[in-house]
Amino acid sequence: MKTFIVENKRKFQTIRVNLHNPPYDDENVLNKTGWKIRDCIITEVYSKNDGDLENPSMMDHEIGDE
C-alpha cells in the first residue's frame, strides 16, 4: 500500500489517496477524482522510517520521548 497527497492547483483542494495494488502511476492516483494530471501535484507520503530519504519530513515520522 502506498499513500499519496494530491494537491489540485486549480481548485485549491488537497486529498489523501491510498492505493493498495500496483501500478502506482498518476492515472491510478487520480482514477475516481475527475481531476486532470496537469492541474495536480502528486506527492508520495512515506509511512515507514526510511533511512534512504535525504530530507525526511517530521510529519512522516513519529517523534518519541527523548
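Asp 39 is placed in the loop between helix 1 and strand 3, helices (H or I, at least four residues) and strands (E, at least two) being DSSP runs numbered from the N terminus. Asp 39 is buried, with a relative accessible area of 11%; buried means under 20% relative accessible area, exposed over 50%, and partly exposed in between (1.4 Å probe, protein chains only). Residues up to four places away in sequence aside, Asp 39 touches Glu 7, Asn 8, Lys 9 and Arg 10, where contact means heavy atoms within 4.5 Å.

The model is predicted: local features need pLDDT of at least 70 and side-chain atom pairs count only at pLDDT 80 or more, whereas totals for chains, interfaces and linings use all residues. Residues are numbered from 1 along each chain as its sequence is written, and side-chain values use heavy atoms, with hydrogens and water left out.

**Salt bridges**

Side chains of opposite charge can pair when their charged atoms come close. A search of the whole structure finds two salt bridges, each defined as a side-chain nitrogen of Lys or Arg within 4 Å of a carboxyl oxygen of Asp or Glu.

| Pair | Closest N and O atoms |
|---|---|
| Lys 2 and Glu 44 | 3.8 Å |
| Arg 10 and Asp 39 | 3.7 Å |

The salt bridge of Arg 10 with Asp 39 links distant parts of the chain, 29 residues apart: Arg 10 lies in the loop between strand 1 and strand 2 (13-19), and Asp 39 in the loop between helix 1 (26-29) and strand 3. Arg 10 counts as exposed at 61% relative accessibility, whereas Asp 39 is buried.

Lys 2 forms its salt bridge with Glu 44. Lys 2 belongs to strand 1 (residues 2-8) and Glu 44 to strand 3 (residues 40-45), so this pair ties together parts that are 42 residues apart in sequence. Lys 2 is partly exposed, with a relative accessible area of 30%, and Glu 44 is also partly exposed, at 28%.

**Strand pairing**

Read along the sequence, the protein follows the pattern β-β-α-β, with one helix and three strands. Strand 1 is mostly covered, five of its seven residues being buried. Strand 1 and strand 2 run antiparallel and are joined by seven bridges; two strands pair if DSSP finds at least two bridges between them. These two strands form a hairpin with four residues between them, and Phe 12 in the turn has a positive phi of about 55°. Strand 1 also pairs with strand 3 in the antiparallel sense, over six bridges. Glu 7 stands opposite Thr 14 in strand 2 and opposite Ile 41 in strand 3.

**Leu 30 and its contacts**

Leu 30 is also placed in the loop between helix 1 and strand 3. Leu 30 is buried, with a relative accessible area of 5%. Apart from neighbours within four places in sequence, its contacts are Val 6, Trp 35, Lys 36, Ile 37, Cys 40 and Ile 42. Leu 30 and Val 6 are 24 residues apart in sequence, and their C-alpha atoms are 8.3 Å apart in space.

**Whole-chain totals**

Of the 66 residues of the protein, 23% count as buried. Among contacts between residues at least 6 apart in sequence, 39% join residues at least 24 apart. The accessible surface comes to about 5,600 Å², of which 45% belongs to carbon and sulfur atoms; accessible areas come from the Shrake-Rupley method with a 1.4 Å probe, and for residues only the protein chains shown count as cover.
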